Amino acid sequence: MCRILGSFAAGADRPEPAQLAAVSARQRHGGPDEHQVLSGPGWSLGCDRLAVTDPCGGQQPYRLPHLPGVLAVLNGEIYNHAELRRTLAARGHRFPDRCDGTVLPALYAEYGPAFAEHLDGMFAVAVLDLRPGSTRLVLAVDDMGMKPLHLHHDPYDGSTRFASEIPALLAFEGVRISPREDALDTLLATRTSFSTHTALDGVDVLPPGATALVRPGAAPVVRRRGPYRARPVGDTQDVLRHEVRRLARAEVPVCAVTSGGLDSGLVTALAAEHARETDAPPLHTFHLTYRGRWPDSEAAYARAVARRARTVHHEVAVDPDELGSLLTRTVRHLGQPNADPITLSTYALFRAVRENGFTVALAGDGADELFGGYDRMRAALAAGPDWATAYTDALAAAPRLLREHLYTSHYRAHIADTGSAADRIEQELRSAEAVGADRLTAMTAFETRWRLPAYHLRRLDHLSMAWAVEARLPFCQPSVVAHARSLPVGERTGKRALYAAGAELLPSSVLRRPKQPFTLPVAAMLAPGGPLLDLVRELLSPARLVLGGKIRADRAAKLLARHLAHPTQHDAQALWALAVHELWTEVVQGMRIPVGCAA
């Protein structure tokens with residue numbers, strides 16, 4: 001698990017070492033163990049390494065003596081690297097160590113740009129081919145988008161630059177930082193940026209399961225690969241057990257994140273089972289809560305899961321007075337706004353994981369998307385012809401009527417002319433239905449292709465790696481994905497297959513409880529006297545909003561007053577999204593300054 005960076009251009013100029021050092025420094029928190037950047041005429045390639053597999057080997061960029069001119073860097077884990085190494089060794093390749101990424105130059109030499117079709121894992125890979133007559137850069141990310149890769153192509157000089165994190169990418173000279181005009185509407189309508197776009201104009205993200213081919217001076221040519229073919233291993237519990245055991249193996253300490261819900265509970269129970277059966281030390285589990293008395297606490301459920309699984313449980317209590325600082329740090333690490341208050345919880349949780357000496361954490365993300373767990377999905381299945389509209393509305397941080405009410409006339413007209421992200425999502429769902437897809441399949445396809453990577457996986461990647469922790473996701477592995485998609489609609493609705501899998505593994509209290517997201521109680525914390533109120537009030541001050549020109553300050557003030565008189569989750573979510581956007585517009589202006597601050 002690492003952070004990677006690089007640049008590729010047609011010119012003969014070597015990138016400035018100071019510039020490359022600044023790029024590397026901005027994502028060093030994710031790779032504190034070793035860093036190296038190589039460069040030459042028109043190119044650079046670098047890595048900040050978090051040593052997980054073969055900690056004593058695996059120096060990046062990867063190079064093999066018998067393949068001069070082929071260099072590679074990897075962010076992530078290749079779980080089938082031992083199998084690939086055997087196959088490649090039989091073809092005459094030799095490797096200096098056991099590190100998973102060491103196989104990449106040889107794999108590329110054998111298969112060219114199709115090399116990523118043979119990778120089972122979570123990864124963002126860059127291969128630079130400098131051999132005469134075949135000079136090119138190849139970028140690839142895993143099928144689910146667990147490891148993001150951000151890129152910028154300059155149409156004027158033909159250069160392409162990439163980095164694992166947006167703040168690092170912006171340290172390259174020539175990368176624009178102007179916010180997209182529709183970034184605010186997208187945030188309020190969908191809670192994050194979707195598709196290949198980020199909130200910054202000119203900065204894109206490679207879509208899940210994609211490979212990009214870059215030739216000198218040309219724009220990246222992106223194509224989607226077919227999914228990695230996984231072998232079926234049994235029923236739902238067997239498939240998940242297989243992946244948990246595979247991902248629990250590491251040469252560094254491994255723990256689990258336990259929210260108190262079904263998904264993380266299954267991962268926790270199976271990981272603890274694996275530790276007992278292999279005579280490993282007891283599994284450690286981590287749960288985050290907030291000091292004081294707040295509604296919707298899941299701490300009791302997490303304790304119940306830990307007791308049943310016999311783990312060493314850590315209940316991490318964050319002081320609410322720290323929330324303002326946490327918000328600034330999460331916005332800086334993400335590089336773009338995310339309207340889910342879960343970002344603060346995620347950042348604080350992985351801080352505790354790292355402080356307790358763990359480098360790898362198993363988590364339950366991805367289950368709702370694959371097994372139909374969201375309330376909005378069940379509601380859409382029961383709705384009439386307007387199901388796609390209702391589903392899309394449920395994604396919003398602020399309902400459509402409230403958004404249009406808050407916008408200035410100028411911004412409202414702009415969105416009406418260009419279209420909203422919500423309109424594009426609804427159209428995608430209706431198009432899928434028109435060609436014969438059932439509603440659940442259409443929603444699952446959208447959730448896994450766009451929402452899961454944009455909303456959850458980028459957040460999880462950036463905020464775990466902010467503390468040099470590798471988050472591993474059993475539900476996002478190819479065998480689980482293939483298994484979920486093979487189930488009848490009835491078993492994929494409401495996570496019925498997962499409840500059946502957990503019947504003998506989890507406490508009945510967890511199996512019976514209503515679904516609840518792992519987040520902080522933002523409605524209560526924005527109520528009168530709450531720890532977030534002053535921060536949000538400052539961020540939504542009339543002076544700020546008038547300067548931005550998109551939100552009517554008087555109507556934002558009335559929304560806040562309404563919430564203070566009668567606190568609701570809906571109003572709190574809209575206010576939070578607006579505040580996050582305002583803070584992000586401020587933070588992004590400082591991203592040109594070399595960052596050397598600690599996480």
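1. Two strands pair if DSSP finds at least two bridges between them, and strands (E, at least two residues) and helices (H or I, at least four) are DSSP runs numbered from the N terminus. With that in mind, H150 stands opposite V205 in β9, and 2 bridges join strand β7 (residues 150-153) to β9, the two running antiparallel.

2. This is a predicted model, in which local features need pLDDT of at least 70, side-chain atom pairs count only at pLDDT 80 or more, and totals for chains, interfaces and linings use all residues. Residues are numbered from 1 along each chain as its sequence is written, and side-chain values use heavy atoms, leaving out hydrogens and water.

3. An open sheet of 6 strands, with antiparallel pairing, has the order β2-β3-β1-β8-β7-β9. Because β2 (34-40) and β9 (204-205) stand at the edges with a single partner strand each, one side of each is left without a neighbour in the sheet. Helix α1 (residues 17-25) packs on the sheet and touches β1 (2-8), β2 and β3 (43-49), where contact means heavy atoms within 4.5 Å. The direction of α1 makes about 145° with that of β2, on axes fitted to C-alpha atoms, for helices over the stretch in contact, with angles from 0 to 180 degrees between N-to-C directions.

4. Most peptide bonds are trans.

5. D296, in the loop between β13 (284-290) and α8 (299-309), has a positive phi of about 65° although it is not a glycine. D296 is exposed (over 50% relative accessible area; buried is under 20%, partly exposed in between, with a 1.4 Å probe and protein chains only), at 56%.
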